[in-house]
Structure formats: structure tokens, C-alpha cells
Amino acid sequence: MGRCTSMKLLVWTVVAVGYLAIIATHFHYTIDVVVGFWLTFLFWKMYHSYVPTLHLRDSVLARILQWAERDAPDLAHHQLCVGADLSSSSSRSVPASPFSGPST
């Protein structure tokens, strides 16, 4: 996660050039660009810290995200590793529909 690879460096360079181009062309105020960057970055972090714990939650949002992430191989691996220590009552399978509720 903390590794600096050439692809990450390339992506961050393109992002920085893009933000500077938006600011330089005066399409947006600088504060708009800065706030947009931080909101995007923080939402990305929040989402990726919330998703691995979906199998522990029972809410409409959790069911929608489980449904949306049902084919994510890293999420299934995380649930298997973490879920091995949990009782069978708290480990739920992914619902067929986001509004159908957890299956037992």
C-alpha cells in the first residue's frame, strides 16, 4: 500500500498536471479544486475502510454495497480470513438483490 511504484508516480503526476491545468485555465476557483480533491480522497478512503466490514453489518447500505461488490475477489478473500473467527450467526452471505435482506 505504501510502495511507490512507477505506475503510482505516473498517475499522481497526471492528476497534479490535471489539477494545475484546471486552476490555470480559471474554469474553477482554486478552493473548489482543493475541496474537490480532499472530498474525493476522503470518500475513497472511507469507502475502502467500510467495505471490508460489510459482512458484519446489517443495514440497507451494507446490503447495497455487498450486492455491488459481490464479484470482488479481494473482498471475498478478506471475508474468509476475518470471518473464520466469527460465529456462524454473524457471517452472512451476499443477498441476491440489495433489498432482499441477508440470506440465512
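## Burial and His 55

A residue is called buried when its relative accessible area is under 20%, exposed when over 50%, and partly exposed in between (1.4 Å probe, protein chains only). His 55 counts as buried because its relative accessibility is 3%. His 55 sits in the loop that joins α2 to α3 (60-68). Its side chain reaches the backbone oxygen of Pro 52 at 3.4 Å.

## Model and conventions

This is a predicted model, in which local features need pLDDT of at least 70 and side-chain atom pairs count only at pLDDT 80 or more, while totals for chains, interfaces and linings use all residues. Residues are numbered from 1 along each chain as its sequence is written, and side-chain values use heavy atoms, with hydrogens and water left out.

## Overall fold

The protein has four helices and zero strands, in the order α-α-α-α along the sequence. Helices (H or I, at least four residues) and strands (E, at least two) are DSSP runs numbered from the N terminus.

Of the 104 residues in the protein, 15% are buried. The protein exposes about 8000 Å², and carbon and sulfur atoms supply 70% of that area; accessible areas follow the Shrake-Rupley method with a 1.4 Å probe, and for residues only the protein chains shown count as cover. Among contacts (heavy atoms within 4.5 Å) with a separation of 6 or more, 56% are between residues 24 or more positions apart.

## Aromatic pairs

The structure holds six aromatic pairs. Rings of Phe, Tyr and Trp (its six-membered ring) pair if their centres lie within 6.5 Å; planes under 30 degrees apart count as stacked, over 60 as edge-to-face and the rest as tilted. One of the pairs is Trp 12 with Phe 37, which is edge-to-face because the ring centres are 6.3 Å apart and the planes stand at 65°. Trp 12 belongs to helix α1 (residues 6-24) and Phe 37 to helix α2, so this pair ties together parts 25 residues apart in sequence.

Phe 37 also pairs with Tyr 19: the centres are 5.7 Å apart and the planes at 90°, so this pair is edge-to-face. It links distant parts of the chain, with Tyr 19 in helix α1 and Phe 37 in helix α2, 18 residues apart. Partly exposed residues include Trp 12 at 47% relative accessibility, Tyr 19 at 27% and Phe 37 at 21%. Trp 12, Tyr 19, Phe 37, Trp 38 and Phe 41 form one aromatic cluster.

Technical notes. A polar contact is a pair of N or O atoms within 3.5 Å; within protein, one must be able to donate a hydrogen and the other to accept it, and residues adjacent in sequence count only if both atoms are side-chain atoms.
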